[in-house]
Amino acid sequence: MIKLVVLDVDGTLTDGKLYIDNMGNEMKAFDVKDGLAISQSIKQGIKFAIITGKTSKIVERRGKELGIQEIVQGSWNKIEALEKILKKYDITFDETAYIGDDLIDLKPMKLCGFSACPKDSVNEIIEISDFVSTKNGGCGAVREILEFILKKENLWENIINNFSATEQ
């Protein structure tokens, strides 16, 4: 059973492009379908963590909007960050899903019970992933992966019922 989903940001939750204007302002685009799947997964009792090598106020804001419990930024040692989160919540690697796209995600993905990636991930990540999305990072890949997990855990129908139930 998956109890924790760990997300990379650039190339996973976003398209991996860094948009920087002349004033040095950074912009990122997030897919709202990914966001809905994350927030609904949290309502089903799944914990979420973001572990990313970069640091950005945008990521902090988006993570909080979605209700993500753990946001670790500026971490190039993702295994160390992940181990702290697992210990905090008494969760094992086997109970953890990791969604990443690039070489920095390789080691933690190999340790987790389930690993997945967007279709435009680097080959080394695609080769070790249990599930490869049909979508690119930032384009609904996380949604597709979460739907797969939720269906496997028999939780997807709960979400559908929450949205399709008519008020009496």
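1. Burial. In this predicted model, 49% of the 168 residues of the protein count as buried. The accessible surface of the protein amounts to about 9,000 Å², and carbon and sulfur atoms account for 50% of that area.

2. The protein contains 7 helices and 8 strands. Its radius of gyration is 15 Å, close to the 15 Å given by the globule rule for 168 residues, so the protein is as compact as a globular protein of that length. The C-alpha trace spans about 55 × 35 × 30 Å along the principal axes.

3. Contacts. Where contacts link residues at least 6 apart in sequence, 51% of them join residues at least 24 apart.

4. Charge. The protein carries 22 positive and 27 negative side chains. The centres of these two sets are 3 Å apart.

5. Backbone at Asp-90. Most residues other than glycine have a negative phi. Asp-90, which is not a glycine, has a positive phi of about 55°. This residue sits in the loop that runs between helix 3 (78-89) and strand 6 (96-99). Asp-90 is exposed, its relative accessible area being 68%.

6. Backbone at Asn-154. A positive phi, near 60°, is also found at Asn-154, again a residue other than glycine. Asn-154 belongs to the loop between helix 6 (141-152) and helix 7 (156-164). With a relative accessible area of 65%, Asn-154 is exposed.

Terms used: Residues numbered from 1 in each chain as written. Predicted model: local features only at pLDDT ≥ 70, side-chain atom pairs only at ≥ 80, totals over all residues. Heavy atoms only, no water. Helix = DSSP H or I, 4+ residues; strand = E, 2+ residues; numbered from the N terminus. Rg over C-alpha atoms; globule rule 2.2 N^0.38 Å. Buried < 20%, exposed > 50% of the residue type's maximum accessible area, 1.4 Å probe, protein only. Contact = heavy atoms within 4.5 Å. Areas by Shrake-Rupley, 256 points an atom, 1.4 Å probe, with all protein chains shown as cover. Lys, Arg positive; Asp, Glu negative; His and termini not counted. Charge placed at Lys NZ, Arg CZ, Asp CG, Glu CD.
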